Amino acid sequence: MEEKPSKVSLKSSDRHDSDKESVHSDIRDLWTRTTLSQAQLNMPLSEVCEGFNAEGRSISKTRRWYSPGSRSLDEGDKASHKPEELDEHALVELELHRGSSMEINLGEKDTASQIQAEKSSSMSSLNIAKHTPHRAYWAEQQSRLPLPLMELIKNEALEILTKALRSYQSGIGRDHFLTKELQRYIEGLKKRPSKRLYVN
Amino acid sequence: MRLKEGSFLWYLYLDKIHCLLSVRNVKALAEYFHILDVHGKNTLNDVLFYHFLHHVTDLKKAQIYLVFDMLDWNAVGEIGFEQFYMLVCMLLAHQDHLEGQFMYRHSRPVFDLLDLNGDGQISAENFGKYRFLFNIHKQELKDLFHDFGLTGDNLLNYQEFKLYTIIYADKLQRRQKTEEKEKGDRKRSLYSKRKCHIK
């Protein structure tokens, strides 16, 4: 009777595999298989999130991407390369060095936290996402429902409620407060833009 | 009983071992329920419930109202999210052929649902009304009360029901394995026939 949980999502998606190509297949792929597509499957969300605050900036003081006065990479060599040819670490090093060289006053205080803030903002401006997904991005993606799914929920609810409105009108009359409430609700739902739901 | 293809529920699935939804699925379902909760009472009345079930399944009107009466265990004329979640799990279990596993894993809540008058026993008549939810055939139901109704009064108490779910789940699993094996054998024989034909 016991089955490995890892097989569940694959086996139970047999029903989904029989679908024809359609918009709904995109929803299905995004929603039911989203965890399978991610690089770090087994990493708990808490681990992913521990180094980042709500804005996606790194708050870890132990992680040092770059220490002032020391270079792990030769900037001249890296500058001559195209970004696509550099790996992620090299790109970060290069960008950080460029960023720090533009600073006027670093001060004599421990600049580690300042540099960390610079690093995180530098990192977000890079096209690293092309090569390696940003951890904060994936952490955020894990906690949100895909927009196509929200659209599906909303459209289906509208269909159901429209039919319910006809039953209300025939059952309790058009002037009943419940009928009017439902009518207003449906109109509001139609106008409402789809917003993504946070799953926390 | 089938779920409508392409409906929201059609995209959800149960964990095969525990027969429950994942947290993410529950959140999505809660959002769906919240949108259907037109009057802001965290409930669905009978009209909304009827149109929801009519939209997402192929159940008839009489069956839908039977399900509503079963779930409205407080007799308030409305269904809360807890009952809604239970219903969705039953629908998905039926859709994914996990009825036996579902009844085994959640024997107590299922028993309580089928015990319509709350006397701690399920009658054959009542179970017969709801057998469509669990894909139990008429003859299977007769055999159930014959084999497991040890008191012989055409009533099942919880222990008898639990015993039934254990054996039924096991029987279903063996049946499914046999069917899969036969399917595989048929495919293999078809493939070998084609191979011989091509040669």
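Predicted model: local features only at pLDDT ≥ 70, side-chain atom pairs only at ≥ 80, totals over all residues.
Lys61(B) lies over the face of Tyr50(B), 5.9 Å from the ring centre. Over all chains, the count comes to 17 aromatic pairs.

**Around Tyr50(B)**
- The ring of Tyr50(B) is stacked with that of Tyr65(B), because the centres are 5.6 Å apart and the planes meet at 10°, under the 30 degrees that stacking requires.
- Tyr50(B) sits in helix α2 (residues 46-56) and Tyr65(B) in helix α3 (residues 61-71), so this pair ties together parts of chain B that are 15 residues apart in sequence.
- Tyr50(B) has a relative accessibility of 15% and therefore counts as buried, while Tyr65(B), with a relative accessible area of 30%, is partly exposed.

**A tilted pair: Phe111(B) and Phe161(B)**
- Phe111(B) and Phe161(B) form a tilted aromatic pair, with 5.7 Å from centre to centre and 50° between the planes.
- Helix α6 (residues 107-114) of chain B holds Phe111(B) and helix α9 of chain B holds Phe161(B), so the pair ties together parts that are 50 residues apart in sequence.
- Both Phe111(B) and Phe161(B) are buried.

**Other ring contacts**
- Ring pairs join Phe8(B), Tyr32(B), Phe33(B), Phe49(B), Phe52(B), Phe68(B), Phe81(B), Phe84(B) and Tyr85(B) into a cluster.
- Arg108(B) lies over the face of Tyr158(B), at 4.3 Å from the ring centre.

**A nonpolar patch on the surface**
- Leu163(B), Ile166(B) and Ile167(B) make up a nonpolar surface patch, and together they have about 230 Å² of accessible area.
- Leu163(B) belongs to helix α9 (residues 158-198) of chain B.
- With a relative accessible area of 40%, Leu163(B) is partly exposed; that value passes the patch cut-off of over 30%.

**Positive phi outside glycine**
- Asn42(B) is not a glycine, yet its phi is positive, at about 55°.
- You can find Asn42(B) in the loop between α1 (23-36) and β1 (43-45) of chain B, where its relative accessible area of 53% makes Asn42(B) exposed.
- Asn135(B) also has a positive phi, near 55°, in a residue other than glycine.
- Asn135(B) lies in the loop between α7 (124-130) and α8 (138-148) of chain B, and at 35% relative accessibility Asn135(B) counts as partly exposed.

Definitions and conventions. Residues numbered from 1 in each chain as written. Chains lettered and ligands numbered in written order. Heavy atoms only, no water. Patch = residues over 30% accessible without salt bridge, like charges linked within 9 Å, V, L, I, M, F, W, Y side chains within 5 Å. Areas by Shrake-Rupley, 256 points an atom, 1.4 Å probe, with all protein chains shown as cover. Salt bridge = Lys/Arg side-chain N within 4 Å of Asp/Glu carboxyl O. Helix = DSSP H or I, 4+ residues; strand = E, 2+ residues; numbered from the N terminus. Buried < 20%, exposed > 50% of the residue type's maximum accessible area, 1.4 Å probe, protein only. Phe/Tyr/Trp six-rings, centres within 6.5 Å; stacked < 30°, edge-to-face > 60°. Lys NZ or Arg CZ within 6 Å of the ring centre and 35° of its normal.
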